[in-house]
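Please keep the sequence and the three-dimensional view at hand while reading.

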Amino acid sequence: MSFLDILHLALRNLRQAKLRATLTTMGVIVGVAVIVTMVSFGLGLQGNMLERFKALDFFNEIQVYGRGLSNLAGLDRPARRDDGRREPSARGNRTPTRILDEAGIKEIAAINGVAYVEPSVNFTVYVRSNDKLLSQFVGGANIPNASTRFQNFAAGRMISSPTADEAVVSERFVRDYGYDKPADAIGKTIELLAPASDKSNDAQKEQEEETPNFFGIPLDDPGIDESAPDVETRSFRIAGVLAAEVREGAGQGGMRGMMPSAGIYIPLPTAHDWATRHRGPMSQVALALARRGGNLGEGQSEGYELAVVRVADPVHLAEVRQKLSDLGFGSFSIVDELDEIRTVFLIIDSVLGLLGGISLLVASFGIANTMIMSILERTREIGIMKAIGAEDREIKLIFFVEAAVIGVTGGVVGVLVAWGISALANRLAYRFVLKPQGASFIDFFDLPLYLTVGAILFALLISIAAALYPASRAARIDPVRALRHD
Amino acid sequence: MSAILAAQEVFKIYQMGTNSVTALDNVSLEIGEREFVAIQGTSGSGKSTLLNMLGGLDHPTKGEVHFASKPLGPFTKKEMARYRRFSVGMIFQNFNLIPTMSARENVALALAFGGLRGQQRRARSSELLARVGLGDRLEHKPSELSGGEQQRVAIARALANNPKVLLADEPTGNLDSTRAHELLGLLREMVNQDGLTILMVTHDHELANSFADRIVFMKDGKVVL
Ligand SMILES: Nc1ncnc2c1ncn2[C@@H]1O[C@H](COP(=O)(O)OP(=O)(O)OP(=O)(O)O)[C@@H](O)[C@H]1O
Ligand SMILES: [Mg+2]
């Protein structure tokens with residue numbers, strides 16, 4: 001008997017119990033639809049997140065750090081609040097042996113595969129503009145700058161030279177300082193306020209402490225006077241306003257790449273100069289201790305706390321990190337976290353897949369049940385077939401093919417249903433969640449071919465497994481017994 | 001005259017709890033090639049049981065069945081299926097047609113097991129049904145056919161794969177005497193012209209006398225000449 005004949009008989013059997021076959025197939029459809037929807041949602045979640053990371057330069061930027069000031073000062077590290085999850089060995093070089101100074105920056109820039117390296121300098125300061133005084137986070141920027149952070153301007157352009165007294169501000173800054181629109185801020189002045197530089201400041205303080213005393217009794221308390229002459233200001237002209245990040249999906253706003261984002265950017269040398277001149281008290285103590293302990297020579301620069309290295313291609317990330325560690329610097333990249341993120345997603349996907357798997361398992365019981373019912377009904381027919389020469393193998397095959405037809409039909413329809421569900425969910429999410437927020441359409445699902453084919457094959461496999469017992473039972477039917485009764 | 005089908009000291013004992021039924025009690029029988037043998041016997045004498053043994057549907061409790069001098073005992077399940085498919089054709093007491101299939105489909109199913117395909121299968125099933133006089137009932141379901149017509153579909157199916165031997169269990173049971181004569185005439189013709197060997201159970205002594213070469217009598221599971 002040819003396979004076509006077997007298929008024909010199987011289809012005929014299914015047709016004869018149409019309702020039962022349909023209901024059984026429904027079970028498979030639901031199972032497959034659940035599996036595919038769940039897993040494709042998990043994959044979509046992962047894909048969207050990684051895509052976003054990539055768009056935000058998290059994959060081709062590395063944070064580099066040298067021996068920081070606190071380390072040079074001999075500061076002890078507090079006992080790590082370690083949950084035992086991360087073993088330090090897997091996380092690259094965490095103990096830098098070198099100060100990240102200008103020479104180090106040059107060496108890093110020379111590493112093969114490094115597109116550029118940009119030291120990170122930032123500080124919080126009071127800033128006056130448009131007659132408003134607010135606390136701002138200021139960052140230094142290499143000029144010229146190839147970073148993706150400085151590609152989109154809402155108005156104006158990038159700072160023209162490393163020595164220019166120009167600044168680039170965020171769109172948020174523009175709002176906070178009450179400018180109507182980004183273009184209005186261009187050309188306006190911002191003033192950074194700080195105490196007068198170290199020496200004069202100290203001298204003034206000593207004087208102050210002398211003056212109001214009279215035989216140890218303070219004569220008057222001048223209080224804090226903002227307009228007092230010991231406040232130093234520095235002015236910058238706003239050259240450009242950065243366009244705000246489009247809000248899209250997870251991780252909205254916030255960081256871009258490994259460089260901390262700031263509200264105001266000024267040329268790097270200017271920022272570095274400012275940061276070292278107006279260091280906070282803790283930093284002052286650390287510097288003093290470092291110099292006294294001999295870890296930092298007199299006149300030797302403490303270098304930068306942090307720099308961001310951009311690799312030309314994420315493929316080179318590991319090599320570059322190795323070179324950085326060879327040079328004696330520590331480094332950090334998101335890719336470390338990526339493996340953990342991937343593991344988490346694998347678990348999520350597995351759990352989602354398992355849920356679907358369970359519903360498919362339930363469906364398989366339905367298939368077995370249907371098959372057994374059908375055998376009971378068709379005992380006589382099977383007996384006749386055996387009496388006229390059907391082999392056991394052929395009888396079994398009829399049942400396997402029946403189950404396979406149910407499995408494949410259920411699988412294909414299930415995938416289509418899952419596809420419909422994801423399309424509908426995407427539409428609804430866009431219509432009711434994303435669009436009101438002004439975000440663009442996101443495909444939350446990822447339905448790769450392997451998932452489609454895999455789900456159908458899985459349904460087929462489960463169905464055939466469900467038919468194992470019924471088929472062998474059908475093959476065991478004794479024709480004499482089956483034919484005796486009327 | 002060499003025996004094509006032979007039973008040798010065959011016993012069939014059905015165990016029913018504590019008591020047993022001896023359906024066949026030391027039956028020995030030889031049927032020669034191109035012979036038309038009739039079996040007569042009272043109800044429950046073991047005629048159908050014997051036919052099942054000879055047709056390879058069941059194994060004797062003791063004794064052996066030989067086909068063309070080969071014992072069936074050592075046959076594998078698959079060889080047994082092949083034997084039923086190609087060597088013997090069976091007509092059952094109650095036809096045993098598949099009720100959801102048309103006359104043609106019932107015959108074609110046997111042809112399908114025999115490996116015939118497509119156009120050939122269609123042609124052969126039509127030809128077989130025409131031979132038993134049902135050329136105009138091809139697409140009728142068993143329920144749409146009379147008892148005699150169903151019986152003839154069963155004959156057509158039994159002959160589908162050109163068996164050497166036809167085992168017929170009361171093929172004339174449901175027929176009036178005219179129809180019964182017609183049918184046995186047809187079977188006789190098949191023996192004479194096509195070289196078929198027939199073993200037929202019948203209650204009708206007159207019919208057996210006029211068409212069969214030889215009559216075997218059975219009683220209480222034994223052959224009594
Ligand atoms: N599977 C079985 N289990 C128990 N007893 C059986 C079985 N099959 C047949 N028998 C018994 O064996 C005996 C012979 O039965 P069989 O069907 O061969 O008789 P028969 O000669 O064909 O009768 P009839 O003319 O009524 O068809 C009967 O007594 C019957 O009850
Ligand atoms: Mg009988």
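In which loop of chain A does A:Pro144 lie? The residue is found in the loop between strand E4 (132-141) and strand E5 (153-156) of chain A. The model discussed here is a predicted one.

## Backbone features

Most peptide bonds are trans, and most residues other than glycine have a negative phi.

In chain B, two residues other than glycine are described by a positive phi. For B:Glu9 the phi angle is near 45°, a positive value, and B:Glu9 belongs to strand E1 of chain B. For B:Arg34 phi is near 60°, again a positive value. B:Arg34 is located in the loop between strand E2 (19-32) and strand E3 (36-41) of chain B.

## The surroundings of ligand 1

Ligand 1 is placed between chains A and B. A shell of 13 residues surrounds ligand 1, and the closest of them are A:Arg484, B:Ser43, B:Lys47, B:Ser48 and B:Thr49. Sorted by class, this shell holds three nonpolar, eight polar and two charged residues. Two elements of chain B, strand E1 (3-16) and helix H1 (47-54), each contribute at least two residues to the shell around ligand 1. H1(B) contributes the most, namely three residues.

Several polar atoms of chain B can be listed together with their distances to oxygen atoms of ligand 1. For B:Thr49, a polar side-chain atom lies 2.5 Å from an oxygen atom of ligand 1. For B:Gly46, a backbone N or O atom is 3.0 Å from an oxygen atom of ligand 1. For B:Ser45, a polar backbone atom is 3.2 Å from an oxygen atom of ligand 1. Taken alone, ligand 1 exposes 630 Å², and the protein buries 73% of that area.

## The interface of chains A and B

The size of an interface is often given as the accessible area lost when the parts come together. Chain A and chain B bury about 2,200 Å² between them, and 57% of this is on carbon and sulfur atoms. In terms of residues, 23 of chain B are in contact with 24 of chain A.

How many salt bridges does the rule find across the interface of chain B and chain A? The rule finds five. A salt bridge joins the side chains of A:Glu391 and B:Arg82, with an N to O distance of 2.5 Å. Polar contact between chain B and chain A is counted for nine residue pairs, with both residues at pLDDT 80 or more. On the side of chain B that touches chain A, helix H2 (77-87) and helix H3 (103-113) of chain B each supply at least two residues. H2(B) gives the most to that side, with six residues. The residues on the side of chain B that touches chain A comprise 10 nonpolar, four polar and nine charged ones.

## Salt bridges in the whole structure

Over all chains, a search of the whole structure finds 31 salt bridges. Within chain A, A:Glu381 and A:Arg12 form a salt bridge in which the closest N and O atoms are 3.5 Å apart. A:Glu381 lies in helix H11 (residues 334-387) of chain A and A:Arg12 in helix H1 (residues 3-16) of chain A, so this pair ties together parts that are 369 residues apart in sequence.

Technical notes:
Residues numbered from 1 in each chain as written. Chains lettered and ligands numbered in written order. Predicted model: local features only at pLDDT ≥ 70, side-chain atom pairs only at ≥ 80, totals over all residues. Heavy atoms only, no water. Near = heavy atom within 4 Å. Polar contact = N/O pair within 3.5 Å; in protein donor to acceptor, adjacent residues only side chain to side chain. Areas by Shrake-Rupley, 256 points an atom, 1.4 Å probe, with all protein chains shown as cover. Helix = DSSP H or I, 4+ residues; strand = E, 2+ residues; numbered from the N terminus. Nonpolar A, V, L, I, M, F, W, Y, C, P; charged D, E, K, R; others polar. Contact = heavy atoms within 4.5 Å. Buried area = accessible area lost by both parts, 1.4 Å probe. Salt bridge = Lys/Arg side-chain N within 4 Å of Asp/Glu carboxyl O.
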